[in-house]
Amino acid sequence: MQPTVRDPIESIQPPSEFAPPDMVRPRADLASQTEPRDLKSAATGDASKSPRVIVKAGADLPVTVYTPESPLRHPARMVREMFRDLLASRELAWRLFVRDTSAQYRQSILGLLWAFIPPLVAALPFVFLNSQGIIAIQGTAIPYAAFAMIGAIIWQVFVDALNSPLTSVMAAKSMLTRINFPREAILLSGLLQVLFRLAIRMILLVAVCTWFQIAPPWTVLLFPIGVFALVVVGFVVGLALTPLGLLYSDVQQALPIGTTFLMFLTPVLYPPPRAGLAGALASWNPLTPLMTVTRDWLTTGNVNPLASFAAVTGVALIMLFGGWILYRLSMPHIVARIGN
Amino acid sequence: MTGEVLVTVDGVSKKFCRSLKKSLWYGARDVLSELNPFARAKGGKPPGNGAADTELRPDEFWAVRDVSFELRRGECLGLIGRNGAGKTTLLKMLNGLVKPDRGSIEMRGRVGALIALGAGFNPVLTGRENIYVNGSILGLSKREIDEKIDAIIDFADIPQFIDSPVQNYSSGMQVRLGFAVASSLAPDILLLDEVLAVGDMGFQSKCYNRLGQLRKAGTAFILVSHNMPQITKFCGKILYLKGGRVASFGPADQSAALLLKDMNACSTDDCSSLDTGPQEAGTLSCVVTKAYFSNTNGDPVAEISTGEPVTLVLCYRCHAEHIMNPVLELVLRDQTGDALFHGSSRMAGIELGKFRGNGMLTIAFPHMPANNMKLTAAIALWDSAMHELIYWWRGVTLRVNGDPNSKGRVSIHCSWKHQPQKATLTGA
C-alpha cells in the first residue's frame, strides 16, 4: 500500500477529487504529520512557532551551510570542523580498514606474506651483486646483506605511506562521489593499512637482525620515532599529490617509477657517500637523514645527522596539516570534476 | 504552514564543463583559487540569457542556475526534468558532495541519502559484514548497527544469504540490502535519486511503507524520479528544472502538467532526443500508409471527450504477394509512456484473413475510457506465427478530454449511493 503523502496543507484539493481506496486516509495522515511536530516543539521549547532567526540560534538541529566561499576565510571554524570530522571518522576508518584487510587476505593465498615481498625484491639483487663482486659497496658497519635488507624494509615504510593517500582515495572514488561522510576516514584507514603492513614487516626485521646477530643498542627504543617520521614524510608527500592525482592519471603512473628512482638516489642500499656529486646529492636529500638515523638507531647507535632529522620531521608535521587542509578543500571540486 | 524550515536553497548555481580536458584543468585551478582566502567573493545572480556570461570559461555552462526553494518538516519535494536538466547536480550540492558556484544551501538536521544503494559494499565480504561497513559509511556507530542489524536483515528479507559473500547476490538482493541499511537511519532530510524503481513488487511496497513511516515521523524528502505517476502521488510540491533553471515550482499537479506539456511539444517539434517521434521498423512487407483516429462519421479527429466512441483507422499497402492471417497488435500509451491498453487481434480471437494489395484495418472503441490524457498509438503487425515483425510503427495521437478535477487515468462509469443505517464497510 502506498503511503498517503500529499501534503494536506500544501495542495488545496478540489472536493470532487478521485482518490484510490488507499489514499482515503487524509485525516489520519494529517494527524500523524502534526503529531511529531507537536512533540518536537514541546521538546525544544516550541521552536517551530518562533521566528526563523531564533530557531537558527536555538541550534537544536545541526545546521550545515554550503556556500561558494572558501572555508579558509573562517580559519577557526574550519579547524574546528576538521577536528570534528577527524574524531567522527575514527570508527568508519577502522571499519574500512577491517573491510579492506579481511577482503584482501580472504582472496589471497600468500596473504600476509605479500608484505615481505617488496623489500626483499628490492634488497636481494643488491645483496647478490655485492656478494659476487659485480658492485662493491663498502663502509657499512654491519654485514652488507643485513644493511641492505634493513634499509629496504625501512624504505618500504616510506613508499607505502607515500602511496597510501592516493591509492585509498582512488579506491573509494565511487563512495566519495555519492555519499557524504567524513573524508578523513579514507586517509585514516589507508594509514591504518600502512601501520598494519609495517607491523608485519617488523617480523622480517627481527628475523634479519637475529640471523645476522645484530645486537641492537639502547637507541633501538628510538627506532619507532624514526619509523614514525618516515610514515609522516611519506604520507605528506602522498597527500600533497592526491588532489592532482585524482584529476590526472599521470600522477598514478609516475608514482611507482618515481619512488624506484628516488630509492637509488637515496642512501637506502648503500651508505651515504661522503664526496662528489653523490655526496652533495645525499646531503641535500631530505630523506637521507631519515634513512640514516632510523637505520643507525636500530643497528649501531652512532647517530650523526640528528639535527637535520628533527628539522625534516618538524617541517613534515607542519606540512601534514597543510596537506590535510588541501585535501579537504579540494574534495568538493574533485568530486564535481570526476563525476560518478 | 508551521513546520520548521529544514532546507533553504537560495539562488544556487553550478557550472559544468563540456570538455573533459578543460574540466580537469578548471578543477585544478578551482582548487588553487580555493587556497587563496582573499579571492574575490562571488555574489549576486548569474546574468540573464541575453547578457554576456563573463564568468563562464570556454566550454562551460550553467548546469544549475539560480535555483531557490524552501522545504519544511514532513514535506516532500519532487525534482523533475529531462535528462541533463541538473537534478542530480542539485541533489549532489544538497548532499554537500559538490560546492555551489553561487548562492547558498542551508540544511538543518541529519541528512540521509538513498542515492547509491550499497556503496562501499565489498563483494568478497558477507552480507552481515557489509551491513557494518555500509552503516558506518552512512554515519551509524557500531552500537547503533548492533541494535538495528536484526531489523535490517529482516527488512532486506534475505536471511539465508546474509552470511554469504555479496558477490554471490543477485543485483536485486544487493539493492535490497543497500536499501535496508540506508533506510534504517531516521534522517531529518532524505534525498532520493531514482531508487524507488528497484526490487520486485513486494519489496517496492515495503520501500514505500518505509518512506511513509519516515515521512510521518517528520522527515522532509527530496526525490528525483522520472516516474511521473509515482512522483505526483508521493510529492506535495514539485520543482521542475529545465536547462538548470526552475521552470516551475509549486503544487505537484501544476509542475507535472507543465513537464508533460513540454514533453508533448517536443514530440511534435524538434526534440529528436526524446524517443517519442514517429518511427517505423520491421521487414516492411506490408506497411501502414495512413493512420488516424476517426469519429462515428468516419472523419479524422485529434481530440475527443472521454467516453465517446472512437475508431483507429489504418490503411495498409501489402508489398508481398499476400500475407495470410497476420496478427495486429496495438498499444495505447499516455504521455509518460505507461501503457494504458494492450491488445491484439489474436487475443481478441479474430483472424484477419488474407492481406493483398491495399486495405484498411479498423479498431473501434465504443467508449474510450482514457481520462485527460494524450494517447499515442503503437501498432505492430506480425506474421501468423508471430515470428516475423512485419511492421512496427507509432505516432498517431489522440487527445482525450475529461473532467479536469479527475486525476484518474481512466474514467469508469459508476453510480454513487449512501446507505445510512449500518456501515457496510468494515470498521477501520
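This is a predicted model: local features need pLDDT of at least 70, side-chain atom pairs count only at pLDDT 80 or more; totals for chains, interfaces and linings use all residues.
Chain B comprises 428 residues, of which 50% are buried, and its secondary structure consists of eight helices and 20 strands. The domain assignment divides this chain into domain 1, spanning residues 5-264, and domain 2, spanning residues 277-401, with the C-alpha centres of the two domains of chain B lying 41 Å apart. Among the contacts in chain B with a separation of 6 or more, 74% are between residues 24 or more positions apart. The chain exposes about 20,100 Å², and carbon and sulfur atoms supply 53% of that area.

Strand β3 of chain B, residues 76-80, runs parallel to β7(B) and is joined to it by four bridges, with B:Gly78 standing opposite B:Leu223. Strand β6 of chain B, residues 189-193, is likewise parallel to β7(B), to which five bridges join it; here B:Asp193 has B:Val224 as its bridge partner.

In one of them, the rings of A:Phe97 and A:Phe196 have centres 5.7 Å apart and planes at 70°, so the pair is edge-to-face. This pair links distant parts of the chain, because A:Phe97 belongs to helix α4 (residues 90-106) of chain A and A:Phe196 to helix α8 (residues 184-211) of chain A, 99 residues apart. A:Phe97 is buried, with a relative accessible area of 8%, whereas A:Phe196, at 28% relative accessibility, counts as partly exposed. In chain B, the rings of B:Phe155 and B:Phe179 have their centres 5.9 Å apart and their planes at 20°, so this pair is stacked. B:Phe155 lies in helix α4 (residues 142-156) of chain B and B:Phe179 in helix α5 (residues 171-182) of chain B, so the pair ties together parts 24 residues apart in sequence; both B:Phe155 and B:Phe179 are buried.

Returning to chain A, ring pairs link A:Phe97 and A:Phe196 with A:Trp94 and A:Tyr105 into a cluster. Charged groups also meet rings in this chain: the charged end of A:Arg183 sits over the ring of A:Phe181, 5.1 Å from its centre, and that of A:Arg295 sits over the ring of A:Phe147, 3.7 Å from its centre.

Technical notes
Residues are numbered from 1 along each chain as its sequence is written. Chains are lettered from A and ligands numbered from 1 in the order in which they are written. Side-chain values use heavy atoms; hydrogens and water are left out. Domain bounds come from an automatic or database domain assignment. Two strands pair if DSSP finds at least two bridges between them. Helices (H or I, at least four residues) and strands (E, at least two) are DSSP runs, numbered from the N terminus. Buried means under 20% relative accessible area, exposed over 50%, partly exposed in between (1.4 Å probe, protein chains only). Contact means heavy atoms within 4.5 Å. Accessible areas come from the Shrake-Rupley method with a 1.4 Å probe; for residues, only the protein chains shown count as cover. Rings of Phe, Tyr and Trp (its six-membered ring) pair if their centres lie within 6.5 Å; planes under 30 degrees apart count as stacked, over 60 as edge-to-face and the rest as tilted. A charge sits over a ring if NZ of Lys or CZ of Arg is within 6 Å of the ring centre and within 35 degrees of the ring normal.
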